[in-house]
Amino acid sequence: MVMGIKRSLFAAAEAMYARATAGSALSRPFFPSCRNFHESGRRDYCRRQDYSTGAAAVMEVEDGVPGGLRWLPGHCGWDLTGSLEYLEYRRSLYGEITHKALLVDAVGTLLVPSQPMAQIYREIGAKYGVKYSEDEILDRYRWAYQQPWGRSRLRYVNDGRPFWQFIVSSSTGCSDMEYFEELYRYYTTEKAWHLCDPDAETVFKALRKAGVKVAVVSNFDTRLRPLLQALKCDHWFDAVAVSAEVAAEKPNPIIFLKACEFLGVKPEDAVHVGDDRRNDIWGARDAGCDAWLWNSDVHSFKEV
């Protein structure tokens, strides 16, 4: 019976791979959309992470979903049934190096803010007359970030200043441009950020030495490149695909396709690692890439 189950899992993985490489969509989504989640009124589990002027506010929703998914006790999220078998299937085709390229999300995967956003907004804002508490700033930030951005189909155009001016003034009630500029500059420095994984440099160097190309794929404005330089990690990557530069934001598959184009690989030969189910996992899979959820499918770059 066990062998029969394994054979069926291999068959399912092979069929899934064939559909992915053929560019056809799966018959149904792996996960429910955030919109469907909210409309259904189901609220079994919800975790929200809020970041800074350098990145998106992320909502991660995890809920009971049928269709080939199983809950892993003690883990943060979902895993595809047969995912290990699928990995073995790729190894049977390509050897130990199962992908030619690794795409990495920036905020929440590669790097994170060193202090809570609301704390920094309040501390810097104190000398500009900001009176709101950190909890009030956080609530107002969440509200502002959820509002439709009507000036452009993209939030991050060039340096993203108009969008972040709206976020900062909405969050703090302060429209002082000196305050905004000080806050904006702060999030371009190494003081504001730190790397998630201390072994990242070693892993990326080993991957590139083995012939695997590595790129950052991020919804960010043009400050990302100088920020990577400030953190002394810009040389770890063969390419950087920034939404503000390619005019597409995750989960739009275009940004993933652009990253693959920059690296000179086919989407089916790349795997993307990110912490946002909607932006990173769904978006990468729509582009034809594999995708692993950070802190769920993988917890470190060594695991990658």
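This is a predicted model: local features need pLDDT of at least 70, side-chain atom pairs count only at pLDDT 80 or more; totals for chains, interfaces and linings use all residues.
Helix H6 passes helix H7 in a right-handed crossing. Helices are DSSP runs of H or I with at least four residues, strands are runs of E with at least two, and both are numbered from the N terminus.)

Residues are numbered from 1 along each chain as its sequence is written, and side-chain values use heavy atoms, with hydrogens and water left out.

**Exercise 1. Work out how helix H6 and helix H7 are placed relative to each other.**

Step 1. Know what to look for: two packed helices are described by the angle between their axes and the distance between the axes.

Step 2. Read off the geometry. H6 covers residues 161–172 and H7 covers residues 177–186; they pack at an angle of about 110°, and their axes are 10 Å apart. (Axes are lines fitted to C-alpha atoms, for helices over the stretch in contact, and angles run from 0 to 180 degrees between N-to-C directions.)

Step 3. (The cut-offs: under 35 degrees is roughly parallel, over 145 roughly antiparallel, 65 to 115 roughly perpendicular, and the rest oblique.)

Step 4. Find who touches whom. On the H6 side you'll spot Arg161, Trp164, Gln165, Val168 and Thr172, and on the H7 side Met177, Tyr179, Phe180, Glu181, Leu183 and Tyr184. (Contact means heavy atoms within 4.5 Å.)

Step 5. Sort them by class. The contact of H6 with H7 has seven nonpolar, two polar and two charged residues. (Ala, Val, Leu, Ile, Met, Phe, Trp, Tyr, Cys and Pro count as nonpolar, Asp, Glu, Lys and Arg as charged, and the others, Gly among them, as polar.)

**Exercise 2. Now do it again for helix H4 and H7.**

Step 1. H4 spans residues 117–125, and H4 packs with H7 at about 135°, with the axes 10 Å apart.

Step 2. That angle makes H4 oblique to H7.

Step 3. The crossing of H4 and H7 is right-handed.

Step 4. From H4, Ile120, Tyr121, Ile124 and Gly125 meet Tyr179, Glu182, Leu183 and Tyr186 of H7.

Step 5. Sorted by class, the contact of H4 with H7 gives six nonpolar residues, one polar and one charged.

**Exercise 3. Say how H4 sits against H5.**

Step 1. These two pack at an angle of about 115°, and their axes are 9 Å apart.

Step 2. So H4 counts as roughly perpendicular to H5.

Step 3. H4 and H5 make a right-handed crossing.

Step 4. H4 brings Met117, Ala118, Gln119, Tyr121 and Arg122 to the contact, while H5 brings Glu134, Ile137, Leu138 and Tyr141.

Step 5. The classes in the contact of H4 with H5 are six nonpolar, one polar and two charged.

**Exercise 4. How many disulfides does the count come to?**

Step 1. Apply the rule, which asks for a pair of cysteine sulfur atoms within 2.5 Å. The count comes to zero disulfides.

Step 2. Check one cysteine. Cysteine 289 is in no disulfide, and its nearest cysteine sulfur, that of cysteine 260, is 4.0 Å away.

Step 3. Look at accessibility. Cysteine 289 has a relative accessible area of 4%, so cysteine 289 is buried. (Buried is under 20% relative accessible area, exposed over 50%, and partly exposed in between, with a 1.4 Å probe and protein chains only.)

Note on methods: A crossing is left-handed if the near helix is turned anticlockwise from the far one by less than a right angle, and right-handed if clockwise.
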